[in-house]
Amino acid sequence: RRPTAADIEQVRFEPVETAAELWDTFSWASFQILYQVPSMLLDSSYLYNLALQVATFPDVLDEWERYEGCAVEEVALGPGASRLRPAEQLPIEAPASPNDLVQRCGALVDAYGLTVVAREPGAEGPRGETVGTLTLRVKRLPEGCHVEEGGADAEPSVVCTVTEDVVLEAGALEAVGYLQTIAVSTAWRGSGLSDRLLAFAEGKARTWGLGLMALHVHRDNVGALRFYEKRGYEATSDWMGWGDRFFLLVKPL
């Protein structure tokens with residue numbers, strides 16, 4: 001049967017606490033994404049990144065410990081509270097080139113991050129079956145370039161084209177919430193679990209003092225593009241350097 005609203009409420013959000021859980025979560029999410037978008041198997045850049053992550057899993061483990069040192073407590077606090085201080089801006093040091101800015105925007109910000117595993121209670125053992133995951137990190141984008149503030153009664157709007165001259169004139173790089181991975185099992189798609197995971201990530205980003213969410217979506221993942229569009233995300237110029245096979249989507253918080 002299809003999961004109900006009551007089933008969604010019973011799903012538990014738990015942090016990743018061991019290297020084995022990290023590997024299980026990474027491999028599970030990768031399978032779900034590739035199952036949904038088979039054409040990504042033909043994307044050389046995606047396969048390269050995937051193979052690189054598998055080959056360098058010890059480094060992934062180190063990064064997990066580096067960026068998720070507070071994840072257990074942060075997940076327990078829920079999406080409306082945090083023990084972390086707001087993430088700071090990073091001044092742009094002159095002279096700055098476009099390539100330099102792309103590399104700095106693509107780098108993860110220390111200390112901020114969490115991986116959440118959504119588990120169905122009462123299935124396949126005491127911990128429950130994995131039905132969804134999300135990994136939230138913090139990256140940077142040129143400050144004030146991707147969102148245009150509205151007037152007194154208007155909401156902020158996404159700037160779809162951010163040119164090089166505008167970026168090079170920005171005085172700083174602002175920290176933004178970066179949704180590195182979000183995946184839901186086939187049986188739970190369309191149930192509302194994706195909304196609950198996304199709401200958790202957006203709420204946590206707000207508690208970290210962030211005003212913008214960002215993520216990359218493969219151009220062939222039409223379902224995901226529609227999902228995020230309906231929830232206020234829009235495509236913008238990608239200053240994180242993923243290339244033309246992916247869209248960078250952003251949303252003001």
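Buried here means under 20% relative accessible area, exposed means over 50%, and partly exposed is in between, with a 1.4 Å probe and protein chains only.

A word on the source. This is a predicted model, in which local features need pLDDT of at least 70 and side-chain atom pairs count only at pLDDT 80 or more, while totals for chains, interfaces and linings use all residues. Residues are numbered from 1 along each chain as its sequence is written, and side-chain values use heavy atoms, with hydrogens and water left out.

Back to Glu14. Its side chain meets that of Arg12 in a salt bridge, at 3.1 Å from N to O. A salt bridge is a side-chain nitrogen of Lys or Arg within 4 Å of a carboxyl oxygen of Asp or Glu. Arg12 is partly exposed, at 27% relative accessibility. Arg12 and Glu14 also belong to a network of salt bridges with Arg119. The structure holds 9 salt bridges.

Next, Glu74 and Lys204. Their side chains form a salt bridge of 3.3 Å, N to O. Glu74 lies in helix α5 (residues 71-77) and Lys204 in helix α8 (residues 193-207), so the pair ties together parts that are 130 residues apart in sequence. Both residues, Glu74 and Lys204, are buried. Helices (H or I, at least four residues) and strands (E, at least two) are DSSP runs, numbered from the N terminus.

Another salt bridge joins Arg231 and Asp195, with the closest N and O atoms 2.4 Å apart. Arg231 sits in the loop between α9 (222-230) and β9 (234-236), and Asp195 is in helix α8, 36 residues away in the chain. Arg231 is partly exposed, with a relative accessible area of 26%, and Asp195 is partly exposed too, at 33%.

Now the cysteines. How many disulfides does a search of the whole structure find? The search finds 0. A disulfide is counted when a pair of cysteine sulfur atoms is within 2.5 Å. For Cys145, the closest cysteine sulfur is in Cys105, 9.2 Å away, which is too far for a bond. Cys145 is buried, at 8% relative accessibility, whereas Cys70 is partly exposed, at 31%.

Last, the chain as a whole. The protein chain has 9 helices and 10 strands. Buried residues make up 46% of its 253 residues.
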